[in-house]
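I opened my notebook to look up a few things in this structure.

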Amino acid sequence: MENELIQGPSFEEVNEKIRSEFGDKVTFKVPTKKNIRAINEKRRVFISTDRETIFELCKYIHDTLNFEQATSVCAVDYVDHIQIVYHLTNYFTGIMIEISVNIPNEDLHIPSVSSIWEGANWHERETYELFGVIFDGHPKLERLLTSKDYEFYPFRKSYKLRGAK
């Protein structure tokens, strides 16, 4: 069986393994109507956790459950807090895990997952540049597109264009 592909766990196994490993450190979210097709086809898992758990959870998902890509890491500004959203993919099974983490505006730090998935490097840099989120442990957290002397984050709702009312 040398040539047998590592396919990874089923949808049910993903849910069960994460529940048993992390218990009350994670919350499985009920999907919205727009995502119901992915749930019915058992391809999408929705989880929320805290920033103290995110690195350990991502390491487990990568190492134990064989999710080989961080498809995206992005942020959503809810005015009173920022939410970091991770989309993690296992291409063999077609399952995607969406993890959301709320962080307060007063302390926009969260552990970097770029040491787990190298592809997360650019996603985290972009999120830093646009929202000001600090990914602790990131190897090169600096702006990609805007000047290094910019002192604002253009995707924050608090950012106002010059002349805008």
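This is a predicted model: local features need pLDDT of at least 70, side-chain atom pairs count only at pLDDT 80 or more; totals for chains, interfaces and linings use all residues.

I started with a definition: a residue is buried under 20% relative accessible area, exposed over 50%, and partly exposed in between, with a 1.4 Å probe and protein chains only.

Residues are numbered from 1 along each chain as its sequence is written, and side-chain values use heavy atoms, with hydrogens and water left out.

**Entry: the whole chain**

I looked up the accessible surface, which comes from the Shrake-Rupley method with a 1.4 Å probe. The chain has about 10000 Å² of it, and 51% belongs to carbon and sulfur atoms.

Next came the helices (DSSP runs of H or I, at least four residues) and the strands (runs of E, at least two), numbered from the N terminus. I found four helices and seven strands. Along the sequence they follow the pattern α-β-α-β-α-β-β-β-β-α-β.

Then I checked contacts, meaning heavy atoms within 4.5 Å. Among contacts with a separation of 6 or more, 55% come from residues 24 or more positions apart.

**Entry: α1 and α3**

How do the axes of α1 and α3 cross? I used axes that are lines fitted to C-alpha atoms, for helices over the stretch in contact, with angles from 0 to 180 degrees between N-to-C directions. The axes of α1 (residues 11-22) and α3 (residues 54-63) come within 11 Å and cross at roughly 140 degrees. That angle makes α1 oblique to α3. For the terms, under 35 degrees is roughly parallel, over 145 roughly antiparallel, 65 to 115 roughly perpendicular, and the rest oblique.

Which residues meet here? From α1 I listed Lys17, Ile18, Glu21 and Phe22; from α3, Glu56, Leu57, Tyr60 and Ile61. By class, this contact has five nonpolar, no polar and three charged residues.

**Entry: two positive phi values**

I kept a general point in mind: most residues other than glycine have a negative phi. Asparagine 66 has a positive phi, near 65 degrees. Asparagine 66 sits in the loop between α3 and β3 (69-77). It is partly exposed because its relative accessibility is 27%.

Valine 79 also has a positive phi, near 70 degrees. I found valine 79 in the loop between β3 and β4 (81-90). Is valine 79 buried or exposed? Valine 79 counts as exposed, at 56% relative accessibility.

I found asparagine 121 in helix α4 (residues 120-131). It counts as buried because its relative accessibility is 16%. Leaving aside neighbours within four places in sequence, asparagine 121 touches Ser114, His138 and Pro139.

Proline 31 lies in the loop between β1 (26-28) and α2 (36-40). At 22% relative accessibility, proline 31 counts as partly exposed. I also looked up its C-alpha distance to valine 45, 14 residues apart along the chain: 8.6 Å.

How values were computed: Ala, Val, Leu, Ile, Met, Phe, Trp, Tyr, Cys and Pro count as nonpolar, Asp, Glu, Lys and Arg as charged, and the others, Gly among them, as polar.
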